[in-house]
Amino acid sequence: MDFYHESVMPQEVTTALSVKSTGTYVDCTLGGGGHSFLVARMLKGGRLLGIDRDDAAIAYATERLKPLTEADIRLVRGNFADLSAILDDVGIDLADGILFDLGVSSRQIDEAARGFSYMKDAPLDMRMDRRDKLTAYDVVNTYDAAALVKIFREYGEERLAKRMAAAIMAERKLSPIATTGELAALIGRVNPHAKDGHPAKRVFQALRIEVNNELKILERAFKAAAQRLKPGGRLAIITFHSLEDRIAKSVLRELATGCVCPPNFPVCVCGHKPQLRLLGKAITARADEVVGNARAKSAKLRVAEKI
């Protein structure tokens with residue numbers, strides 16, 4: 001099966017999770033199974049749960065992890081937004097480590113038919129879980145101008161959001177915008193002199209986030225993960241753009257905060273207790289890894305430990 005995906009910061013992740021041979025670990029973003037493979041081969045009697053929305057990822061990772069017979073491995077097709085329910089279903093109460101490797105996988109981008117890439121012409125799709133109904137085609141061809149501007153600004157940080165939306169509205173009056181190539185060409189005409197890469201990259205990022213509801217589920221998922229860690233257990237989060245990282249940083253900081261009473265209160269009345277301890281600043285990929293895997297350039301790894 002062809003499911004190429006190069007996991008970023010592999011050594012840093014296993015170190016961050018402080019993998020114990022008999023521990024229980026949860027990979028909330030299984031993908032091609034790269035991180036899960038590294039964790040599972042360190043287990044001897046330990047347990048690994050891998051979760052992914054993509055049926056192709058589950059199929060590939062199943063084969064990849066088969067040789068690792070000393071670990072109890074379970075793979076589940078699902079959304080990490082439902083993390084607590086999934087853990088309940090498989091009989092995991094508390095874990096020693098939980099990993100989130102956010103964003104889209106290399107393989108999903110490279111497979112033209114999935115419609116994630118502005119470099120390859122394909123039907124506008126972008127669904128990580130092909131059971132979902134909403135596609136990028138639906139967003140591009142049915143959202144009104146105000147809604148398009150909103151997602152382009154909020155999810156793509158696109159400064160030309162109004163012009164992009166106006167061009168899409170005008171084009172779809174003539175005929176639906178059906179493919180990634182058509183959309184990328186249209187955006188290129190709106191912004192022919194983009195200075196920070198392909199002119200369509202921010203719009204495509206915004207569409208992908210909207211289709212897969214990526215940002216709205218993060219806070220809930222991170223907090224659920226913190227609740228399901230054993231004392232001393234590790235939470236590791238890899239982000240690839242500022243929107244994800246802002247949420248991860250904010251949630252981890254909140255969960256690591258104790259008393260939130262006003263500073264002029266003589267004694268604490270809020271009773272707020274920290275759940276996590278932050279372990280240093282965000283970790284970035286080594287220079288040699290970035291040379292071999294350009295996707296690692298923007299990656300940040302944040303780590304916290306359950307108190």
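These are my notebook entries on what I looked up in this predicted model.

**Entry 1**

I began with T24, which belongs to strand β1, the stretch covering residues 24–27. I noted a relative accessible area of 13% for T24, and since buried means under 20%, T24 is counted as buried. Setting aside neighbours within four places in sequence, I found T24 in contact with R47, I92, L94, A95, D96 and G97. Of these contacts, A95, D96 and G97 took me on to strand β4, which spans residues 95–101.

I then looked at how β1 and β4 are joined, and found that they pair in the parallel sense over 3 bridges. Within this part of the structure, Y25 stands opposite G97 of β4. I also checked how covered β4 is, and 7 of its 7 residues turned out to be buried.

**Entry 2**

For F100 I looked up the bridge partner in β5, which is I237.

F100 came up again when I turned to the nonpolar cores: in the largest one, which has 67 residues, F100 and F152 touch the most other members. Apart from that core lies another, of 23 residues, which includes A16, V39, L65 and A299. I listed the contacts of F152 as well, leaving out residues up to four places away in sequence, and they are E157, E158, A161, M164, A165, I168, V203, A206 and L207.

**Entry 1: helix α9 and what covers it**

Which residues of helix α9 are buried? In this helix, residues 180–190, I found T180, L183, A184, L186, I187 and V190 to be the buried ones. Their directions cover an arc of only 160° around the axis, so they lie on the same side of α9. I kept in mind that an α-helix has 3.6 residues a turn, so residues three or four places apart point the same way.

I next asked what covers these buried residues, and the elements include α6 (136–142), α8 (161–174) and α10 (201–212). For α9 and α10 I looked up the geometry: their axes come within 10 Å and cross at roughly 135°. The two helices are therefore oblique to each other. The contact is made by T180, L183, A184 and I187 on the α9 side, and by V203, F204 and L207 on the α10 side.

I picked out M9 because its phi is positive, at about 45°, although M9 is not a glycine. M9 sits in the segment before α1 (10–17), and with a relative accessible area of 0% it is buried.

N213 is another non-glycine residue with a positive phi, here about 55°. I placed N213 in the loop between α10 and α11 (218–227), and its relative accessible area of 34% makes N213 partly exposed.

**Entry 2: pairs of residues separated in sequence**

Is L30 buried or exposed? L30 has 3% relative accessibility and counts as buried, and its place is the loop between β1 and α2 (34–40). From L30 to G50 I count 20 residues along the sequence, while their C-alpha atoms are 5.3 Å apart in space. Not counting residues up to four places away in sequence, L30 touches S36, G50, I51, D52, A57, I58, A61 and L75, so that G50 belongs to the contacts of L30 as well.

A147, in helix α7 (residues 145–156), is partly exposed at 25% relative accessibility. Between A147 and R127, which are 20 residues apart along the chain, I noted a C-alpha separation of 19 Å.

I ended with T69, found in the loop between α3 (55–65) and β3 (72–77). T69 has a relative accessible area of 67% and is exposed. T69 and R41 are 28 residues apart in sequence, and the C-alpha to C-alpha distance between them is 8.8 Å.

Methods:
Residues numbered from 1 in each chain as written. Predicted model: local features only at pLDDT ≥ 70, side-chain atom pairs only at ≥ 80, totals over all residues. Heavy atoms only, no water. Helix = DSSP H or I, 4+ residues; strand = E, 2+ residues; numbered from the N terminus. Buried < 20%, exposed > 50% of the residue type's maximum accessible area, 1.4 Å probe, protein only. Contact = heavy atoms within 4.5 Å. Pairing = 2+ DSSP bridges. Core = buried A, V, L, I, M, F, W, Y, C linked by side-chain atoms within 4.5 Å. Arc of directions from axis to C-beta. Axes fitted to C-alpha atoms, helices over the stretch in contact; angles between N-to-C directions. Parallel < 35°, antiparallel > 145°, perpendicular 65-115°, else oblique.
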